[in-house]
Amino acid sequence: MAESIALDTVDLHILRLLQNDARTTYRELAAEVGVAPSTCLDRVTRLRRSGVILGHRLSLDPARLGRGLQALLSVQVRPHRRELIGPFVERIRALPESRALFHLTGPDDYLVHVAVADTADLQRLVVDEFTSRREVARVETRLIFQQWDCGPLLPPSLPRSPNSAGSDES
């Protein structure tokens with residue numbers, strides 16, 4: 001497990017702003033957080049080097065790309081052995097319909113977020129790419145009606161002392 005690094009309020013403000021809009025310029029970031037642009041650049045560079053910032057991603061609308069139906073597939077693999085996991089994960093990640101893949105605990109081994117054209121395309125995907133694999137014991141499909149992005153990811157807050165119950169730093 002990766003170690004967390006110490007972040008001050010300026011780092012957290014930079015991270016919050018970049019997560020809301022990764023195209024924000026260093027000059028805009030610096031003005032917003034109250035530091036010089038060179039200081040802002042140094043901080044972002046440090047956050048990248050330390051592994052806090054992993055990259056920048058472009059968000060696309062699956063429906064505008066002809067993939068208007070999204071679903072979550074709960075997949076049970078049997079037997080759940082290491083020699084089957086690698087090839088299964090590689091194959092699922094290579095599918096153009098796959099949006100995210102999670103390895104889970106509990107009765108299901110994987111959760112796969114997919115985006116497809118329609119229900120016929122979803123059926124083809126499940127039958128041809130999942131249930132046709134001999135290690136796949138079961139697939140349960142849940143359609144996604146709507147999806148929301150959530151707020152920026154920040155470190156957990158420090159435990160509050162009983163005396164600071166009314167104060168909240170943002």
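The model is a predicted one, and across the protein chain the pLDDT averages 91, with 92% of the residues scoring at least 70.

The largest nonpolar core has 19 residues, and those with the most contacts inside it are Leu73, Val75, Phe88, Leu122 and Phe130. Two or more residues of this core come from each of the elements S1, H4, S3, H5 and S4, and S1 gives the most, with five residues. Val75 illustrates the packing: leaving aside neighbours within four places in sequence, Val75 is in contact with Phe88, Asp108, Asp109, Tyr110, Val112, Phe130, Val136, Arg138 and Val139. Apart from this core lies another, of eleven residues, among them Leu15, Ala30, Val33 and Cys40.

Helix H5, which spans residues 119-131, has Asp121, Leu122, Leu125, Val126, Glu129 and Phe130 as its buried residues. Seen down the axis of H5, these buried residues fall within an arc of 135 degrees, and they therefore line one face of the helix. What covers them includes strand S1 (69-77), helix H4 (82-94), strand S3 (110-116) and strand S4 (136-144). At the N-terminal end, H5 is capped by Asp118, a side-chain oxygen of which lies 3.2 Å from the backbone nitrogen of Ala120.

The structure holds one aromatic pair. The ring centres of Phe88 and Tyr110 are 4.9 Å apart and their planes stand at 45 degrees, so the pair is tilted. Because Phe88 lies in helix H4 and Tyr110 in strand S3, the pair ties together parts that are 22 residues apart in sequence.

Glu97 lies in the loop between H4 and strand S2 (98-103). Not counting residues up to four places away in sequence, Glu97 touches Arg67, His113, Val114, Ala115, Val116, Arg124 and Leu125; one of these, Leu125, is also among the buried residues of H5.

| Residue | Relative accessible area | State |
|---|---|---|
| Phe88 | 0% | buried |
| Tyr110 | 1% | buried |
| Glu97 | 7% | buried |

Since buried means under 20% relative accessible area, Glu97 at 7% counts as buried.

Note on methods. Residues are numbered from 1 along each chain as its sequence is written. This is a predicted model: local features need pLDDT of at least 70, side-chain atom pairs count only at pLDDT 80 or more; totals for chains, interfaces and linings use all residues. Side-chain values use heavy atoms; hydrogens and water are left out. pLDDT is the predictor's confidence in each residue, from 0 to 100. Buried means under 20% relative accessible area, exposed over 50%, partly exposed in between (1.4 Å probe, protein chains only). Helices (H or I, at least four residues) and strands (E, at least two) are DSSP runs, numbered from the N terminus. The arc is that of the directions from the helix axis to the C-beta atoms. Contact means heavy atoms within 4.5 Å. A polar contact is a pair of N or O atoms within 3.5 Å; within protein, one must be able to donate a hydrogen and the other to accept it, and residues adjacent in sequence count only if both atoms are side-chain atoms. Rings of Phe, Tyr and Trp (its six-membered ring) pair if their centres lie within 6.5 Å; planes under 30 degrees apart count as stacked, over 60 as edge-to-face and the rest as tilted. A nonpolar core is a set of buried Ala, Val, Leu, Ile, Met, Phe, Trp, Tyr and Cys residues joined through side-chain atoms within 4.5 Å.
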